[in-house]
Amino acid sequence: MAVDTQTRPARTTPRPAGGRFGAVAERIRTFAFFGAPGLFIYACFVLAPILISFGYSLTNHNPFNPPTRFVGLRNYLVLFTDAEFLTSLRVTTILTVIVVVVPNVAGLGIALLLDRKSWFYNAMRTVFFTPMVLSSVVVSIVWTRMLDDQGLVNQALRALGVADPPGWLSDPRIALYSIAMILSWQMLGFCVVVYLAGLQGVPHELVEAAAIDGAGPVRRFRSVTWPLLAPALTINTVVLLISAFKTFDHVQVITHGGPGTGTTATIAYNVLQTGLVANRQGYASAMAIVMLVIIAAACAVTLKILNRREVSL
């Protein structure tokens with residue numbers, strides 16, 4: 001039988017009509033169909049407001065005191081010598097540190113307790129996540145009633161024998177920490193859910209192998225479970241960092257920046273007060289841009305550190 005030794009031509013992928021230009025045109029059409037709508041929305045509702053705010057920050061814009069004049073970087077120079085802004089920066093930093101640490105630690109502990117299969121534990125997961133879906137205003141009003149001098153918390157303390165319970169929201173020394181605890185309580189459910197998702201992704205084979213090798217519960221958590229929760233830690237830390245740094249609702253409803261002068265006034269609270277109450281929109285825009293830069297820098301550093309930890313694990 002004769003064997004056909006003639007070499008068959010290799011199959012080639014058909015090129016789009018028009019050669020290289022046609023391929024580029026096809027990619028542009030694909031991007032325009034799938035990516036352009038999202039990019040357009042992002043540009044309109046994120047990039048454009050940032051650019052407009054930056055433009056306002058270079059002026060002395062006040063809608064009730066025209067004309068608007070270009071002042072360059074003067075707003076930024078005044079900002080870093082403004083005692084009110086520096087106080088709000090300190091308040092925001094303290095609030096952010098507490099809100100990042102407390103829900104992370106408590107959320108991890110609660111997630112470890114709820115990482116079981118039962119209708120009871122499923123119900124408890126719902127209970128812990130409920131505050132997260134509530135409005136910040138509703139949460140603030142409820143806690144304001146509970147932490148009032150004659151509220152439920154102080155009445156319980158008096159029943160336990162505390163003659164002079166603290167003024168949780170009226171004492172300038174502890175009002176900020178009360179707000180931090182309220183915000184931590186509301187964000188706790190988010191951390192619990194994220195850590196639970198991470199725990200369910202831990203391979204049982206690794207945990208069982210560590211147990212067979214003689215590792216106790218603490219050693220198994222430290223050597224097996226905790227390293228695999230690195231992505232959950234990254235998500236929680238970044239979300240808490242952003243949420244805490246832009247806190248406004250709780251301060252506005254609970255303390256209005258007090259008690260006293262600026263003891264609980266965050267940067268976001270001062271931005272709204274300066275821009276909408278004092279009508280110094282140019283100066284408020286400079287404050288908002290500085291807040292944006294601080295949040296972006298803090299998130300970038302946090303992501304770099306935590307992502308490096310994930311890679312090293």
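With which residues is Asn 154 in contact, leaving aside its neighbours within four places in sequence? They are Asp 148, Asp 149, Pro 165, Pro 166 and Trp 168, where contact means heavy atoms within 4.5 Å. The structure is a predicted model, in which local features need pLDDT of at least 70, side-chain atom pairs count only at pLDDT 80 or more, and totals for chains, interfaces and linings use all residues. Residues are numbered from 1 along each chain as its sequence is written, and side-chain values use heavy atoms, with hydrogens and water left out.

Asn 154 belongs to helix H7, residues 152-159; helices are DSSP runs of H or I with at least four residues, numbered from the N terminus. Asn 154 has a relative accessible area of 1% and is therefore buried (under 20% relative accessible area, with a 1.4 Å probe and protein chains only). A polar atom of its side chain lies 3.2 Å from the backbone oxygen of Asp 149. The side chain of Asn 154 also makes a polar contact, at 2.8 Å, with the side chain of Trp 168 (a pair of N or O atoms within 3.5 Å, one able to donate a hydrogen and the other to accept it; residues adjacent in sequence count only if both atoms are side-chain atoms).

Elsewhere, the largest nonpolar core has 48 residues, of which Tyr 195, Ile 267 and Met 287 touch the most other members. Such a core is a set of buried Ala, Val, Leu, Ile, Met, Phe, Trp, Tyr and Cys residues joined through side-chain atoms within 4.5 Å. Helices supplying at least two residues each to this core include H4 (83-114), H8 (175-200) and H14 (281-312). H8 gives the most, with 12 residues.

Conventions. Buried < 20%, exposed > 50% of the residue type's maximum accessible area, 1.4 Å probe, protein only.
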